[in-house]
Amino acid sequence: MGKDLIIVESPAKVKTIKKFLGGNYAVHASVGHVRDLPTSELGVDEANGFAPRYQVIDGKQKVVSALKEAAAKADNVYLAPDPDREGEAIAWHVAELIRDKNTNIQRIQFNEITARAVKEALENPRELNRNLFDAQQARRVLDRLVGYKLSPLLWKKVKRGISAGRVQSVALRLIVDRETERRAFNPEEYWLFRARLAGATPPPFRADLHKLHGKKPAIGSAADAAAVEAAMQGQPFVITGIDEKERQRQPQPPFITSTLQQSASQRLGYSAKRTMNIAQRLYEGVELGEAGTVALITYMRTDSVRIADEARDAAREFIAATWGDDHLPAKARQFKTKGGAQDAHEAIRPVDVSVTPDSVRHLLPPDQFQLYRLVWQRFVASQMAAARFHDTTVTIACGPVEWRAKGERLLFPGFLAASPQKDAVADGEEVAEGDLPKLSVGEELTALSVEKEQKFTQPPARYTEASLVRELEERGIGRPSTYAAIISTLLDRDYARLEEKHFAPTDLGAVVCDLLSGHFTTLMDVDFTAQMEGSLDKVAEGELDWVKLLEDFTGGFNPVLERAAQAMDTVKGGLPSGIDCELCGKPMVIKFGKAGTFLACSGYPACRNTKNFTRDEKGNIQVEQKLREEPEKVGTCPQCGGDLVLKKARTGSRFIACTKYPDCTYTAPFSTGVPCPREGCEGVLVEKSSKRGKIFYSCSAYPKCDYALWDWPVPGPCPDCNSPLLVIKNTRARGRHIACPEKTCKYSRDLDEDGGGEE
């Protein structure tokens, strides 16, 4: 009698599940998807019900063979990928591939990787859900149709190698539209007044101008501000009203995918992609010393705030034992999931609330600890009593001007005992600095100072990762599992860049958005994209046939595509810049090159003048410098004897190249001169850059040696740990300094002239 086989999605889950199932089951991983549409062709038969032509993904043949072999030996096969549409699709494709080896195939799913949850799932298996698979299949085919048909059009009209996506293009439109609003914005002047006042009882306190002649103040010029000052001249500050009341602040619900991404971005500075990668590890299981591999959080792709009754009860017991019964609400809290959300899974919460962040801090890497603490605090706080405050609002008259001062005193911390205050405050809610002194109506106050400040209204802020995720969620664009991929795609395609953690569209992104918006009105419509998500939900619920959905979509999309192929303007010759070439007088145009956008003379090839440029806040072009500067000579070419010069790659790293290109194609990486510290490796560390343009230093012997550093290396050794090299770090707190790259070593010193290694 053979063992039963469990097939999960990730190798990390294999280790976690084997720990508590022991030898009774064989556990294998599909390592993500095993089948997909082909990469070199459309792979969808539109004329035959949009039938997809699936094939085993390149590099997955060995995985599939291993799964088939394991299935042939098993009595029963339990498919246990993640509990969502993507997981259902993985299970479906695995089943199709192993069905000839074993027909006893069932689906199991669990929201948390614990012995109880997995055993319950094994006791309650189900058949594969065709509706969920069809919903995922519809999305995959829909995105393939849009991407494979739109991208060639953009190659012809804009630049070869770029692409378009159904959901990503709409997200790009949000970023471009926000930039358009910013550039069209005209700032308006206004003035603020603040007073520092003192009553009979210390301490002094601050008051803000609230009304002028009984109305909201409109102080739009220096003359208006002077008039306000004149109206108060010689007038006493007298308290006309004191309003005191008790206020409660309720905790927020536990995290869903979007709110976790937002909070991790705001609190920890993590990108959506990094947040989801860390959460995946915490869900699948991490090493916790003697406890072995332990899963710390529940499934992290969800838009439901529901939690299991046993988790709620465990949280209440923990809260009562830790802070006392007075920190519990009279009734256990239940949060309402908003309409349109999928309620198949719980909110994101700790698997075991008794595993506090502090108890595992020394066992987790810093990023895992910080994210787990965020999840744990939010969940525990969500089940606690409200915080209570005593609010005081004082109204003060000075002639025709009404001033207002606000104070806040914490009466009872409630959920704030578990969650930091800045995490508990709702968006836009102001936190007072403290309580006001004892005051009375009719009391005359002493004005210690009255200050005025000129201000200007600000344009709408660019999206951050947190605010973009919030906007996508509120507009119904995409699903929790897609937000990180949407953002990564926009950055990878160079359609948008992060400038001081805010998204700014590139010229390439703006022109692609404008062309698509001008011809594909429906596809680029935010509401249509949200409606499509609703239609996919109906497919998942069995209320809509997936082929009918695709027929309706292509019935409108294909004719528009044909018209756009003829009518869409081409910008391959460049976009107008409004700048003339100083060499020949012809107009300069904006071109899209491998290294990004630049200005080039429209008289090319007769005139080869090119320039770098940036844009100011209004989008106006600011010329920086000529691109064709005299490069720095660094040696002689070993192939042809020509000059070697230092150049910069599109992604930012430096490299050595021969000046006789294209006749001579010799290139070499830019070397730091520091030998690779790996024992037995004869490589040196050279400068490289990631797709996002972040510089790093890796071994020249790659892929044989994968040693790499983020910081410029300098020869060692480290006096504390004997590391063969050190690095130059640059931190906000200390600036540039020498440090040891070993995580367990804290050695550092100031960067001085003989400290070695100026870059």
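# Legends to close-up views

**Figure 1. His213 in its loop.** His213 is placed in the loop between β10 (205-212) and α7 (222-232). Helices (H or I, at least four residues) and strands (E, at least two) are DSSP runs, numbered from the N terminus. The structure is a predicted model, in which local features require pLDDT of at least 70 and side-chain atom pairs count only at pLDDT 80 or more, whereas totals for chains, interfaces and linings use all residues. Residues are numbered from 1 along each chain as its sequence is written, and side-chain values use heavy atoms, with hydrogens and water left out. Although His213 is not a glycine, its phi is positive, at about 55°. Most residues other than glycine have a negative phi, and most peptide bonds are trans. With a relative accessible area of 59%, His213 is exposed. Here buried means under 20% relative accessible area, exposed means over 50%, and partly exposed lies in between (1.4 Å probe, protein chains only).

**Figure 2. Glu500 between two strands.** The loop that holds Glu500 runs between β17 (496-499) and β18 (502-505). Glu500 is not a glycine, yet it has a positive phi of about 55°. Is Glu500 buried or exposed? Its relative accessible area is 77%, and therefore Glu500 is exposed.

**Figure 3. Two cis peptide bonds, at Pro605 and at Pro717.** The bond from Tyr604 to Pro605 is cis, with omega near 10°. Pro605 belongs to the loop between β21 (596-601) and β22 (610-615). Gly716 and Pro717 are likewise joined by a cis peptide bond, with omega of about 5°. Pro717 sits in the loop between β32 (712-715) and β33 (725-731).

**Figure 4. The hairpin of β19 and β20.** Strand β19 (residues 575-580) pairs with strand β20 (residues 587-593) in the antiparallel sense, over three bridges. Two strands pair if DSSP finds at least two bridges between them. Asp580 stands opposite Pro587 in β20. The hairpin has six residues between its strands, and in it Gly585 adopts a positive phi near 85°.

**Figure 5. An open sheet of four strands.** The strands follow the order β24-β25-β26-β27, and their pairing is antiparallel. At the edges are β24 (632-636) and β27 (667-669), each of which pairs on one side only. On average, neighbouring strands of this sheet are turned by 35° against each other, direction ignored. Axes are lines fitted to C-alpha atoms, for helices over the stretch in contact, and angles run from 0 to 180 degrees between N-to-C directions. Four bridges link β24 and strand β25 (residues 643-648) in the antiparallel sense. Which residue of β25 is the bridge partner of Lys633? The partner is Val645. In a regular strand the side chains alternate between the two faces of the sheet.

**Figure 6. Packing of α6 against α15.** Helix α6 (residues 166-184) and α15 pack at an angle of about 70°, and their axes are 10 Å apart. The angle makes α6 roughly perpendicular to α15, because angles of 65 to 115 degrees count as roughly perpendicular, those under 35 as roughly parallel, those over 145 as roughly antiparallel and the rest as oblique. From α6, the residues Val167, Gln168, Ala171, Leu172 and Ile175 meet Ile486, Thr489 and Leu490 in α15. The residues of this contact comprise six nonpolar, two polar and no charged. Ala, Val, Leu, Ile, Met, Phe, Trp, Tyr, Cys and Pro count as nonpolar, Asp, Glu, Lys and Arg as charged, and the others, Gly among them, as polar.

**Figure 7. Ser481 and Thr257.** Ser481 lies in the loop between α14 (465-475) and α15 (483-492). The relative accessible area of Ser481 is 36%, so this residue is partly exposed. Ser481 and Thr257 are 224 residues apart in sequence, while their C-alpha atoms are 7.6 Å apart in space.

**Figure 8. Phe110 in the largest nonpolar core.** This core has 133 residues, and those with the most contacts inside it are Phe110, Leu150, Val158, Ile297 and Phe520. A nonpolar core is a set of buried Ala, Val, Leu, Ile, Met, Phe, Trp, Tyr and Cys residues joined through side-chain atoms within 4.5 Å. With its neighbours within four places in sequence left aside, Phe110 is in contact (heavy atoms within 4.5 Å) with Ile17, Ala80, Pro83, Ala117, Val118, Ala121 and Tyr283. Another core, of 23 residues, lies apart from the largest one and includes Leu209, Val228, Phe237 and Leu445. In soluble globular proteins, nonpolar side chains tend to be buried together. Of the 759 residues in the protein, 47% are buried.
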